[in-house]
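I opened my notebook to look through this structure one feature at a time. Have a look at it with me before reading on.

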Amino acid sequence: MNAPKTAMVLAAGLGTRMRPLTNDRPKALVEVGGQALMDHMLDRLADAGVETAVVNVHYFADLVEAHVGRRTAAPRIVISDERPQALETGGGVKQALPLLPDGPFFVANIDSVWIEDGASAVDAVADAWDPARMDVCLMLAPTATSMGFHDTGDVFLEADGRVRFKAPGETAPYVYVGVHITKPSVVAGGPEGPFSLLPLWKALAEQGRVHGVSPPGLWMHVGDPAARDEAEAKLAE
């Protein structure tokens, strides 16, 4: 396994659906099970060997910077400042490229927590990564073993690991659960300013360049206060 040692952690979101919990803090610092959402993800990445995490900040940026400054555990944190303008997923990664390696790196959302069934799910993405065959490798979960994601799913996973995004009106069996490995080239040619990763992924998937892996476990998307409460209950079981 040639796992990336660097990750981009997307922590700049407004968290509007999480209000009132985000009235005085960003979604990244909302606590689940006594730990901030972003710390759940940073700890998962550290356990998989990630040494450096580039964290983008926008909403309550000072609070995020102060929080990561108090962390003593790995990974080492580097800030990508989006105070002037939130840049969405693709724009955020593109702005951070000077802080990221020339080779592949992880990208992680902060609103997914999970209970693993066996080996590390982040390791499973790294094990599946093959730069000769793919430009992106997504961590996926069946809709049946995930909470708070789209009931109609996002993608189909072919036998060879290739991903096909669902067409309008289709129901797909897998959802994207917030961690992937990418090549820098995926966003390098993107537009200036805010843009989303999803259209880029869909175009690459048409070329067979997006793959995925579905590790065993229970995945929870913490997108609103009710989902936060459900995730806390599951983690406490």
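First, a term: buried means under 20% relative accessible area, exposed means over 50%, and partly exposed is in between (1.4 Å probe, protein chains only). This is a predicted model, where local features need pLDDT of at least 70, side-chain atom pairs count only at pLDDT 80 or more, and totals for chains, interfaces and linings use all residues. Residues are numbered from 1 along each chain as its sequence is written, and side-chain values use heavy atoms, with hydrogens and water left out.

Entry: Phe-60 is not a glycine, yet I found a positive phi of about 50°. Phe-60 counts as partly exposed, at 30% relative accessibility. Glu-88 also has a positive phi, near 65°, and is partly exposed with a relative accessible area of 49%. Glu-88 lies in helix α3; helices (H or I, at least four residues) and strands (E, at least two) are DSSP runs, numbered from the N terminus. Next I looked up peptide bonds: the one from Arg-19 to Pro-20 is cis, with omega near 10°. Another cis bond joins Ala-74 and Pro-75, where omega is about 0°.

**Entry: the core.** A nonpolar core is a set of buried Ala, Val, Leu, Ile, Met, Phe, Trp, Tyr and Cys residues joined through side-chain atoms within 4.5 Å. How many residues does the largest one have? I found 39, and Met-38, Leu-45, Phe-106, Trp-114, Met-139 and Trp-219 are those with the most contacts inside it. Apart from this core lies another of 25 residues, including Val-155 and Leu-197. In α4, I noted that Ala-121, Val-122, Ala-124, Val-125 and Ala-126 are buried.

**Entry: the largest pocket.** On a 1 Å grid over the protein atoms alone, a pocket is an open set of points where a 1.4 Å probe fits, with protein on both sides within 12 Å along at least five of seven lines; lining residues have an atom within 4 Å of a point. I noted that 40 residues line the largest pocket, and Thr-89, Asn-109, Asp-111, Tyr-176 and His-221 are the closest to its centre. Which strand gives the largest share of that lining? I found that β12 does, with 4 residues.

**Entry: the second largest pocket.** I listed its lining too, which includes Glu-158, Arg-162, Lys-202 and Gly-208. Both β11 and α6 supply at least two residues of this lining.
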